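Please keep the sequence and the structure in view while you read.

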Amino acid sequence: MTYEQLLQQATQKVVSYDKEESAAVLLLESVADLKANELYLKAKEKVKKEIVKEFNALLDRYLKQNEPVQYLIGKSCFYGYDFIVNPAVLIPRFETEELVENVLYRYDRHFKGQELDVLDLATGSGCIGITLALEEKNLHVTATDLSEEALEVARTNNKRLQAGVTFLQGDMLEPLKGKKFDIVVSNPPYIPLNEEVMPLVKDNEPHLALFGGEDGMKFYRIILSGIAPYLKEKAMICLEHGYDKKEEMIRLAKTYFPSAKVEVLKDLEKKDRMTFIYVGDFKWEN
């Protein structure tokens, strides 16, 4: 059997289960230790029996046991970097790449060339903080998480990618005593407890990283009510949130930072996904 035939066979299976066709490609690339272009070049070559066996076993786990492909291959691509992931951390989402992109754009606009202290709250796999540190060498990132298991994953990613992020274990703002930051960024748990969640997500990913209280706003209240002592005179707070929380986020931001400028940004699907709060002396073009 060739790689092409094996992939065609697997794709038919995946379609019959109404799942993502790309999963079969990702699994085969991982098992065969091939990059996408290498898999294409080897399409007509025969596959070793041990690769076929391992690939089919993982494919069955994806299809029949509903395990996420990222956990099966042990990694997820985020902003062009491969991050190790396992059931201790949330699988990075495309929307969060947009959060990172917007933070970098606004750093260039408001702080360009300055060395800044950045806080990544509830870091999980470390994808936000590590990516910011890799993309902009002037950002000195501290990342926190309640879960020691998650921090173990984040530290491993930090070491592999040589990002230089500092990690602190603790509940939200608790480990930050004595520290101040120019930028605070967070993608905290924001799914309401009573909201229906896909089984693939609910049955596999850590609930600690998914659910944000009865209304999904629990952690935003914790962050915005308590973050002021940890901000420098001029600071930017950057938060990802549920697409239907725009008005609630604006009200919350204005409650605790009444003189700040509040900007709600849409994701590529035109959904209100990010709120940026500008505290202090920011210059704005007319």
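## F276 and the nonpolar cores

In this predicted model, F276 touches L99, N102, V103, R106, M236, I237, C238, K261, V262, E263 and L265, when residues up to four places away in sequence are not counted. F276 also belongs to the largest nonpolar core, which has 34 residues, and within this core L132 and F276 are the residues that touch the most other members. Several helices and strands each supply at least two residues of the core, namely the helices α6 (94-111), α7 (127-135) and α8 (148-161), together with the strands β3 (116-121), β4 (139-145), β6 (181-186), β7 (231-240) and β9 (272-279). Apart from this core lies another one, made of 27 residues, and L121, L176, V184 and L224 are among them.

## Helix α7

How many of the nine residues of α7 are buried? Eight of them are, so this helix is largely enclosed by the rest of the structure.

Two packed helices are described by the angle between their axes and the distance between the axes. The axes of helix α1 (residues 3-16) and helix α2 come within 9 Å and cross at roughly 140 degrees, which makes α1 oblique to α2, since an angle counts as roughly antiparallel when it is over 145 degrees. The crossing in which α1 passes α2 is right-handed. On the α1 side, the residues that meet α2 are Y3, L6, L7, A10 and V14, and their partners in α2 are A24, V25, L28 and A32. The residues of this contact divide into nine nonpolar, no polar and no charged.

Helix α2 (residues 22-32) also packs with helix α4 (residues 49-64), at an angle of about 140 degrees and with the axes 10 Å apart. The two helices, α2 and α4, are therefore oblique to each other, and α2 passes α4 in a right-handed crossing. Here A23, A24, L27, L28, V31 and A32 of α2 meet I51, E54, F55, L58, L59 and Y62 of α4. The residues of the contact of α2 with α4 divide into eleven nonpolar, no polar and one charged.

## Helices α10 and α11

Helix α10 (residues 218-226) and helix α11 (residues 246-256) pack with their axes 9 Å apart, at an angle of about 25 degrees. Because angles under 35 degrees count as roughly parallel, α10 and α11 are described as roughly parallel to each other, and their crossing is right-handed. The contact involves Y220, R221, L224 and S225 from α10, and M249, L252, A253 and Y256 from α11. The residues of the contact of α10 with α11 divide into six nonpolar, one polar and one charged.

## Residues in the loops

Is D18 buried or exposed? D18, which lies in the loop between α1 and α2, has a relative accessibility of 70% and so counts as exposed. Its phi is near 55 degrees, a positive value in a residue other than glycine. D33, found in the loop between α2 and α3, has a positive phi of about 55 degrees although it is not a glycine, and D33 is exposed, with a relative accessible area of 68%.

E45 lies in the loop between α3 (36-41) and α4, and at 38% relative accessibility E45 counts as partly exposed. E45 and M1 are 44 residues apart along the chain, while their C-alpha atoms are separated by 8.2 Å. If neighbours within four places in sequence are left aside, E45 is in contact with M1, T2 and Y3.

K271 has its place in the loop between β8 (261-266) and β9, and K271 counts as partly exposed at 31% relative accessibility. K271 and Y243 are 28 residues apart in sequence, and 5.5 Å apart in space from C-alpha to C-alpha. With neighbours within four places in sequence again left aside, K271 is in contact with Y243, L265 and K266.

Note on methods
Residues are numbered from 1 along each chain as its sequence is written. This is a predicted model: local features need pLDDT of at least 70, side-chain atom pairs count only at pLDDT 80 or more; totals for chains, interfaces and linings use all residues. Side-chain values use heavy atoms; hydrogens and water are left out. Axes are lines fitted to C-alpha atoms, for helices over the stretch in contact, and angles run from 0 to 180 degrees between N-to-C directions. Helices (H or I, at least four residues) and strands (E, at least two) are DSSP runs, numbered from the N terminus. Angles under 35 degrees count as roughly parallel, over 145 as roughly antiparallel, 65 to 115 as roughly perpendicular and the rest as oblique. A crossing is left-handed if the near helix is turned anticlockwise from the far one by less than a right angle, and right-handed if clockwise. Contact means heavy atoms within 4.5 Å. Ala, Val, Leu, Ile, Met, Phe, Trp, Tyr, Cys and Pro count as nonpolar, Asp, Glu, Lys and Arg as charged, and the others, Gly among them, as polar. A nonpolar core is a set of buried Ala, Val, Leu, Ile, Met, Phe, Trp, Tyr and Cys residues joined through side-chain atoms within 4.5 Å. Buried means under 20% relative accessible area, exposed over 50%, partly exposed in between (1.4 Å probe, protein chains only).
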